[in-house]
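Work through the exercises below with the structure open. Try each task before you read its solution.

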Amino acid sequence: MADNQISSSYDGLHMPYSPEAEQALLGAIILESDVFDKVIEYIKSPDYFYVSLHKLIFKTMTEMVNFGGKIDFVTLLEKLKQTGSFDETTGKTYLYDLVNNCPSISNAEAYAEVIRDKYNTRRLITAAREIIDDATAGTEDTSVIIDSAEQKIFDIRQGNEKKGLERINSVIMQTFDRLDALNSATDDSMKPVSTGIGDLDRVITGLNRSDLILLAARPGMGKTSFALNIARYVACTAKKTVAFFSLEMSKEQLASRLLSAEALIEGTKLRIGKLNDEEWDRLIPASDILGKSELYLDDSPGITITEMKSKLRRMRKLDLVII
């Protein structure tokens, strides 16, 4: 039970934690079992606690709640005895101390926030050390190290997002705000983006924010050409920012297809380079239109989802992603 003796907010490695907050939260849950439901949105796993004994206690509490049990001093003590890693003699005294030294049950959520913040700081310190180790090892390309570093930080930030049940009246107000934005004459940020194909827009109501659309067909049916036509329309006509990841075609091949569609020139002619004067006259303005659009192509072989996310996060503005 060496972990019971806590005298500093930092250990030898300068990892921050708050023993007072951890003890106060556990004591509050023992005193009032319903507190657990209020703080679980902040404390998502026993790992949020730094002291190993506190991890064990919270893990046991979680198991009790998951199986429909109620938490109090007696039931928790009996459950901890069954773990085999709990010293009954000193542990019983420690549970008494948790209960007797809890400052306030009503402040349990505040204690949970402190624990969560310390946990995230520890994760940040660990991530920073891993980034330094990766950078100094010299075994990976710099771009890979940067992508890995961005993902580590992003994972920490994403873990802070807290969503829960929301009353219908609040959701309705958000819906009215969205409808108001959709009908705004000056702000089109919430409006769906047209694909450039009227019949398709009528079926799917355009490309809406946060939509995930799967385009499926047998090989050689024109999926890439179809997706490129949508990308070209959204970027050139709708003036939106588009990122296009190709896992099978090079950027040059994609650009050739885009030029072919924009200039209305047969793709075969662009591949062999035999164009007449009229076609050259159409090709130059077509390249100018495409060149001024916010259309970005990526043909990295074997690119992973993590790498894609890393590249997309670097873009300040993004309206459509096509893979």
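Predicted model: local features only at pLDDT ≥ 70, side-chain atom pairs only at ≥ 80, totals over all residues.

**Exercise 1. Salt bridges within a helix**

Task: Find the salt-bridge partner of Glu63 and say how the two residues are placed in their helix.

Solution: 
- Step 1. Look for a nitrogen of Lys or Arg within 4 Å of a carboxyl oxygen of Glu63.
- Step 2. Glu63 has 30% relative accessibility, so it counts as partly exposed. Lys59 is partly exposed too, because its value is 43%.

Solution: 
- Step 1. Asp199 and Arg202 are both exposed.

**Exercise 2. A salt bridge between distant parts**

Task: Which elements does the salt bridge between Asp298 and Lys311 link?

Solution: 
- Step 1. Start with the contact. The closest N and O atoms of Asp298 and Lys311 are 2.7 Å apart.
- Step 2. Asp298 belongs to strand E2 (residues 295-298), and Lys311 to helix H14 (residues 305-313). The pair is 13 residues apart and links distant parts of the chain.
- Step 3. Is Asp298 buried or exposed? Its relative accessibility is 14%, so it counts as buried. Lys311 reaches 26% and therefore counts as partly exposed.
- Step 4. Side chains of opposite charge can pair when their charged atoms come close.

**Exercise 3. Positive phi angles**

Task: Where do Ser210 and Lys239 lie, and what are their phi values?

Solution: 
- Step 1. Recall the background. Most residues other than glycine have a negative phi.
- Step 2. Take Ser210. Its phi is near 70°, a positive value in a residue other than glycine. Ser210 is in the loop between helix H9 (198-204) and helix H10 (223-237). It counts as exposed because its relative accessibility is 77%.
- Step 3. Take Lys239. Its phi is about 60°, also positive, and it is not a glycine. Lys239 lies in the loop between H10 and strand E1 (242-245). Its relative accessible area is 63%, so it is exposed.

**Exercise 4. Surface patches**

Task: Which residues gather in the patch of negative charge?

Solution: 
- Step 1. The patch holds Asp133, Asp134, Glu140 and Asp141, on the surface.
- Step 2. Asp134 is in helix H6 (residues 108-137). Its relative accessibility is 31%, so it counts as partly exposed.

Task: Which residues form the nonpolar patch on the surface?

Solution: 
- Step 1. The members are Ile168, Val171, Ile172, Met173, Phe176 and Leu179.
- Step 2. Together they have about 550 Å² of accessible area.
- Step 3. Met173 lies in helix H8 (residues 168-182).

**Exercise 5. Helix H7**

Task: Compare the span of H7 with the expected one, then name its buried residues.

Solution: 
- Step 1. H7 runs over residues 142-158 and has 17 residues.
- Step 2. From its first C-alpha to its last, H7 reaches 24 Å, close to the 24 Å expected at 1.5 Å a residue.
- Step 3. Buried residues in H7 include Ile145, Asp147, Ala149, Gln151 and Ile156.

Methods. Residues numbered from 1 in each chain as written. Heavy atoms only, no water. Patch = residues over 30% accessible without salt bridge, like charges linked within 9 Å, V, L, I, M, F, W, Y side chains within 5 Å. Areas by Shrake-Rupley, 256 points an atom, 1.4 Å probe, with all protein chains shown as cover. Salt bridge = Lys/Arg side-chain N within 4 Å of Asp/Glu carboxyl O. Lys, Arg positive; Asp, Glu negative; His and termini not counted. Charge placed at Lys NZ, Arg CZ, Asp CG, Glu CD. Helix = DSSP H or I, 4+ residues; strand = E, 2+ residues; numbered from the N terminus. Buried < 20%, exposed > 50% of the residue type's maximum accessible area, 1.4 Å probe, protein only. Expected span 1.5 Å × (residues − 1).
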